[in-house]
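Biologist: Hi, I'm new to this one. Could you walk me through it?

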Amino acid sequence: MSLINKPVRWGVDRLRLAFPEKKSMFFKDLTFHYQKGEKILLLGPSGCGKSTLLQVLSGLVPGSVELPMKAEKLDVPESWGFIFQDPDTQFCMPYADEEIAFVLENRRIERGKMPGLIRHYLNLVGLSLDDPHRLISSLSGGMKQRLAIASILALEPDVLFLDEPTALLDPDGTTQLWQTVRRIGADRTVLIVEHKIDQVLGFIDRIVLFDDKGRIIADGSKQNVLSEHRKELDKYGIWYPGVWDRFEAENPGNREKLTGLKPLLELDNFRVYRNKEIKFSLSHLTVYQGEWIAIIGENGAGKSTMVEGIMDLLRRRGKVCWRLAKDDGQAAFVFQNPEYQFVTDRVDEELGFSLTLKKKDSQMIHEQVNRVLEQFSLSEQRDQHPFQLSVGQKKRLSVASALIDHPKAVILDEPTFGQDARNTFALLDLFQSLRKDGTTVIMVTHEMEIVRHFATRVLKIENGRLVEDLDQVTDLRRKEEENGRDPGKHGQVVF
């Protein structure tokens, strides 16, 4: 065979890898190869090592991220781009246009061509900025993710490694992203780690399925893996088309009409500022005990700004009145980026930190931490540093540490991103049980199935303002009927 026609092949042979503070090896003699032009989805439960394998295949491990590893052979492509789960780990420059310009400079693009190319790559990912010379720190999480993707596209790489690129994107942004990947990835090799797979399936041609120990249990066409390995998908709690249908069948009537509730939080003439500029404003809002409020809206609409203002994390003006008894403490808060709230060096210490501050009994703290570790599937990670966890595990840890002291109100910013189906449903069941016991749940989310099945009230945010306040049980049904949809079927809520 001619060398010119020989297919290009990359991958790793007999990979062994260990994480710091872990006694056992991960990826015991794992072998994985792929060829030029393939579109591959790495599918498995949260924490099984998909993201780590992606970093090995790109050469980031051990080239940039030092982890103890051995492999008989590792073939890495010369031209590649990597999109991380957390966009903040990817940026090199302070401003959005400079981030893309940095890439173009490394490609030796003429300076005069850069403004047009910067706009081109921003438009590819649907990031509309009146002035591209904008501080990255001022962007929302979803906007940062789009910028990270735009900067990688500016590399014009032969191979794309995508690690949950839509985790922080709204539904429209998710659709647009995969349309972009389909368009620019047609002549490229693409390896994807993703939990939300419905829109990925039309693009990929091969699925590699992992169990919870990082072992490959299936590798083949998407049709064969999804049809012949349904038992394994259910066993390991992996998302697949139809999971929500099954959940709906097994959990009918998950939400009930709420009446006679007492006010918990009141906002009046509420304004939130970023860099002396009003980014969210609201004339009045009353939140009641036992509500599950879903806050929805496009990336950059002001959802995170609203909840961070309520928690006094951003400068604000106006009335914010919590009606909590002294023994109830303050409302708990879970950041969109879980790393923002970690303060200790071990997972178990992170969970017990708030209890220790309140001088709870040490034996009680030990027992409660052990129970929560088990509840949130973090027992095996108890002695690890929180920063060593997968993104999904970090998110579960941040939720667990916020809830461990049983707050009467909890505000969560995208608590389910990066989670497999099993852990998503476990979190949602937990929030539901808390709500039924009187805890108020306020959740920023892009997951419209969660809104449909759990929320009792929906707040829609646009351009820093509240534009819809819907009673989910009655108003949603009315809106679906007005739009000619069967309110008994799941799908995206139309506002």
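This is a predicted model: local features need pLDDT of at least 70, side-chain atom pairs count only at pLDDT 80 or more; totals for chains, interfaces and linings use all residues.

Biologist: OK, so which side chain does the side chain of His-33 make a polar contact with?
Modeller: That of Arg-9, at 3.0 Å. His-33 lies in strand E2, which covers residues 26–35.

Biologist: Is His-33 buried or exposed?
Modeller: Buried, because its relative accessible area is 18% and the cut-off for buried is under 20%.

Biologist: What else is His-33 in contact with, leaving aside neighbours within four places in sequence?
Modeller: Besides Arg-9, the list has Trp-10, Gly-11, Val-12, Asp-13 and Arg-206.

Biologist: And how far is the C-alpha atom of His-33 from that of Glu-462?
Modeller: They are separated by 45 Å, and the two residues are 429 apart along the chain.

Biologist: Let's move on to helix H1. How many of its residues are buried?
Modeller: 9 of 9, so H1 (residues 50–58) counts as mostly covered. The buried residues include Lys-50, Gln-55 and Ser-58.

Biologist: What comes just after H1?
Modeller: Gly-59, which takes a positive phi of about 90°. Pro-62 is part of helix H2, residues 60–63.

Biologist: Why point those out?
Modeller: Most residues other than glycine have a negative phi, and most peptide bonds are trans.

Biologist: Which residues other than glycine have a positive phi, then?
Modeller: His-406 is one of them, with phi near 55°. That residue is in the loop between helix H13 (391–403) and strand E16 (409–413). Glu-414 is another, with a phi of about 55°, and Glu-414 lies in the loop between E16 and helix H14 (421–436).

Biologist: What's the relative accessible area of Glu-414?
Modeller: It's 2%, so Glu-414 is buried.

Biologist: Which residue is in contact with Glu-414?
Modeller: Thr-445 is one of them. Leaving aside neighbours within four places in sequence, Thr-445 also contacts Ala-294, Ile-295, Ile-296, Ile-450 and Val-451.

Biologist: Where is Thr-445?
Modeller: In the loop between strand E17 (440–444) and helix H15 (448–454). Thr-445 is buried, with a relative accessible area of 1%. A polar atom of the Thr-445 side chain also lies 2.9 Å from the backbone nitrogen of Glu-447.

Biologist: Switching to aromatics. How many aromatic pairs are there?
Modeller: The count comes to 18. Take Trp-239 and Trp-244: their ring centres are 6.2 Å apart and their planes are at 25°, so that pair is stacked. Both of those Trp residues are buried.

Biologist: Why is the pair of Phe-335 and Tyr-340 edge-to-face?
Modeller: Because the planes are at 80°, with the ring centres 5.9 Å apart, and planes over 60 degrees apart count as edge-to-face. Phe-335 is buried, with a relative accessible area of 18%.

Biologist: Which residues form the aromatic cluster with Trp-239 and Trp-244?
Modeller: Phe-247, Trp-292, Phe-425, Phe-431 and Phe-454.

Biologist: Which charged side chains sit over rings?
Modeller: Arg-315 lies over the face of Tyr-273, at 4.2 Å from the ring centre. The charged end of Lys-394 sits over the ring of Phe-387, 5.8 Å from its centre.

Conventions: Residues are numbered from 1 along each chain as its sequence is written. Side-chain values use heavy atoms; hydrogens and water are left out. Rings of Phe, Tyr and Trp (its six-membered ring) pair if their centres lie within 6.5 Å; planes under 30 degrees apart count as stacked, over 60 as edge-to-face and the rest as tilted. Buried means under 20% relative accessible area, exposed over 50%, partly exposed in between (1.4 Å probe, protein chains only). A charge sits over a ring if NZ of Lys or CZ of Arg is within 6 Å of the ring centre and within 35 degrees of the ring normal. Helices (H or I, at least four residues) and strands (E, at least two) are DSSP runs, numbered from the N terminus. A polar contact is a pair of N or O atoms within 3.5 Å; within protein, one must be able to donate a hydrogen and the other to accept it, and residues adjacent in sequence count only if both atoms are side-chain atoms. Contact means heavy atoms within 4.5 Å.
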